[in-house]
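The entries follow the order in which I looked things up.

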Amino acid sequence: MNAYEALKTYFGYDAYKKGQETLVEGILQGKDVLGIMPTGGGKSLCYQLPALVLNGVTIVISPLIALMKDQVDALEEMGINATYINSSLSESEAALRVQEIENNTYKIIYVAPERLNTIGFKELAQHLNISLIAVDEAHCISQWGHDFRPSYKEIPRFINGLKTRPIVAAFTATATTEVVSEIEKLLALEQPITAITGFDRPNLLYKVVKVSNKFAYLLDYLQDHYPENTGIIYCSTRKTVDSLVKKLREKDIEAVGYHGGMTQDLRQQNQDAFIFNKAKIIVATNAFGMGIDKPDVRFVIHYNMPQNMEAYYQEAGRAGRDGEDSACILMYSPSDIVKQKLILQNEFMSPEREQLLYKNLQYLIDYCHTNDCLRSRILTYFGEKSLSSNCGKCSNCLESAEMVDITLEAQKIFSCIYRAKARYGVAIITQILKGSKNKKIQTLGLDRLSTYGIMKEYSTDVIREITMTLAAKGYIHVTTDQFPVLKLTERCRNVFSGEEKVYHKKNLVEKKESLENNSRNKSKKLIEKFEEALFNQLKELRMQLSQEKQVPTFVIFHDAALKEMAAAFPQNKVEFLSINGVGMKKYETYGEAFISVIKSYCEKNNIVVAESIKENIKEVKVAQQDKEQGLDRYVLTYNCYEEGLPLEAISTKREMTTSTILQHLKKCEEKGKSIDWERFLNDPSKETKILKAIETVGFEKLKPIKEALTEEITYDDIRIIIYKNKLSKVN
Ligand code: ADP
Ligand code: ZN
């Protein structure tokens, strides 16, 4: 089986994520690799897939014993034979596994680094044909990193002790240069093929909040997000964890705690409750998290400030591994800084390291105070370029996006007051600007003013809001007569001349529906085209199966796969297998149960799976892919247009129908780009014909126009003319 076949058959995916192909191909060519990808980037597939294709076994070195079982369960669910050996097994269980391993039962074996150089394991390894050693969370080898594990340093000794040196692959989500170069050096990687994907996580919303009552804020937040969503709340001390769990429970919020002071059993129990969605919230110290691969964590709240930027990025990054929108909220308080500094002072370390950690902490403090884009701050920390524009998804960008320049509007209002000779109140001024057909306006002759109707695209409320704001800011004086009259003050001179600008809250002055809505929200809307009720039924079925089989829900299917089912209504094997994340084994195990729920839902609701729905799915998929890559789909289409491609070529390239492409371009035009529609008409004389037809049958529906014309004029031609002439309301 080649890599692509394995990707589809076992993992159920049609395409690689960024960076995956380089690493998979590198391994398959026998090279060492180093993968630096953010959480959720898809690192595990980079060694699991080659493990299937290569001849021998793959050993995965992973720091967390507690998670090995989940990883192995997930692989078994996909039809991949895998196992683990660690201290959680009884002696007889371990002996049995060793036997099975010797009989070549498994393709993938997970072990903790501490076990590698034990006599038993070394002996076992000598008998095996090991083709690949994958080192997960490879930054644990670095003293510079925040998760240093002395036992990781033992890995090279193990590798050197093997008869033949296997391929070595290392993976981490940490990107600081110090750490990366240490990984390469200490693991003795041989000219590794490296893939560093960007560190932006477009689906995460970053927020810093400064509140005096953190608990009240938390409760308020949970009111909107509990119990639908699962989340992690990080605290800096065990004591805070315990007390917060208690306080949440008193408010009937099902939360469990996790910290190093608990017994191993209790910790495991709480972690399982969280992973199996029995407890929606886990309150934890930083002892919780590394390697937690629960994909549907919807929020990570830092109740206290973490140690430094790097730790923050890692911890917050545990939200939204599955690519769905999730929030990362950092609660800032000055006392936390003092606490972190004290911790640093009390730790024994080299002056070099201490300095580095201070610098790293300071970066986080700056992050809390900056007015710049938080996302850009994070990216620049990791040496990436900051984003060129407003990210629209961090508290700073959202706030600044809330203010818009209303200087032009102010000038219009001022000139209207001036032309109306400062004799009228806000009601009349508003009506003049709006272009009202009101009798009074006409009898007073105000409809003849040059300012009549110059703000007709705004609602009366918005014009009034802006006018009153200008009064509040002192540009307009409202007389206190019986009929208040608007007069201009000295202050508006500078605004008139353009020297001074005026700003106001965006949501209060929007014309209609804002077209500036950022791309992230748009793709979200598209993805939300699924049937909510069906999605819930599928989730219920998944929960039931998860309990029966004692595996976490996400091991069965991710939310994204269920959403896709609830949009595509797959009714047979081929259709079911076309869902992203459904491989052959999953179909065999679960296909029938899920299809039957889908079928009966369709019957009950008279849903006929038509072509239109298939198109809908494609949109969902493309939107999701674009979203993963943080791209604006309209911009992608526009780029093709700019390349000068004909309509059909753009459609092929973007895997969308020509009519969708035209719609995209229309959106781009609305956002201020210029589109030369005529470029898509093969015969310019068509325009007159189409416009003539529109004159008689209108443009609300395309079909009558098409029927009024000769064969050679296509639907696309008609759309082009409608867009070109800005006749609205047509899709
Ligand atoms: P990491 O270990 O880098 O944090 P994971 O390996 O847990 O990331 O993968 C993150 C998510 O991406 C998982 O939900 C996984 O199923 C999904 N995923 C991985 N590879 C692909 C792919 N090629 N296409 C679509 N989804 C993928
Ligand atoms: Zn931002």
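Entry 1: I began with helix 16, residues 374-381, which is mostly covered, as 6 of its 8 residues are buried. I took buried to mean under 20% relative accessible area, exposed over 50%, and partly exposed in between, with a 1.4 Å probe and protein chains only. Helices are DSSP runs of H or I with at least four residues, strands are E runs of at least two, and both are numbered from the N terminus. The buried residues of helix 16 are Leu374, Arg375, Ser376, Ile378, Leu379 and Tyr381. Gly383 follows helix 16 and has a positive phi, near 80°.

**Entry 2: ground rules.** I noted that this is a predicted model, in which local features need pLDDT of at least 70 and side-chain atom pairs count only at pLDDT 80 or more, while totals for chains, interfaces and linings use all residues. Residues are numbered from 1 along each chain as its sequence is written, chains are lettered from A and ligands numbered from 1 in the order in which they are written, and side-chain values use heavy atoms, with hydrogens and water left out.

**Entry 3: the whole chain.** I found 36 helices and 17 strands in the chain. Of its 731 residues, 53% are buried. Along the principal axes, the C-alpha atoms fill a box of roughly 100 × 70 × 50 Å.

**Entry 4: the zinc ion.** Which residues coordinate the zinc ion (ligand 2)? I read off the SG atoms of Cys373, Cys391, Cys394 and Cys397, at 2.3 to 2.4 Å. Donors are N, O and S atoms within 2.8 Å of the metal (3.2 Å for Na, K and Ca); water is not among the atoms, so sites may look incomplete. The angles among the 4 donor atoms are 101 to 119°, and the site is tetrahedral; for four donors that term requires all angles to lie between 85 and 135 degrees. The spacing of the donor residues in sequence is C-x17-C-x2-C-x2-C. Cys394 counts as buried because its relative accessibility is 0%. Cys397 is also buried, at a relative accessible area of 5%.

**Entry 5: ligand 1.** I counted a residue as near if one of its heavy atoms lies within 4 Å. There are 15 residues around ligand 1, and Tyr13, Ala15, Gly40, Ser44 and His558 come nearest. Helix 3 (residues 43-53) gives the largest share of this shell, 3 residues. For polar contacts I used pairs of N or O atoms within 3.5 Å. A polar side-chain atom of Lys17 lies 3.1 Å from an oxygen atom of ligand 1, and a backbone N or O atom of Gly42 lies 3.0 Å from an oxygen atom of ligand 1. The side chain of His558 has an N or O atom 3.1 Å from an oxygen atom of ligand 1.

Entry 6: Where is Pro227 found? I located Pro227 in the loop between helix 10 (214-225) and strand 9 (230-234). The peptide bond from Tyr226 to Pro227 is cis, with omega near 5°. Asn104 is not a glycine, yet has a positive phi of about 60°. Its loop runs between helix 5 (91-102) and strand 4 (108-111). Is Asn104 buried or exposed? Asn104 is exposed, because its relative accessible area is 58%. Gln191, also not a glycine, has a positive phi of about 40°. Gln191 lies in the loop between helix 9 (177-186) and strand 7 (193-196), and counts as exposed at 75% relative accessibility.

Methods:
Tetrahedral: all angles 85-135°; square planar, octahedral: opposite > 155°, others 65-115°. Polar contact = N/O pair within 3.5 Å; in protein donor to acceptor, adjacent residues only side chain to side chain.
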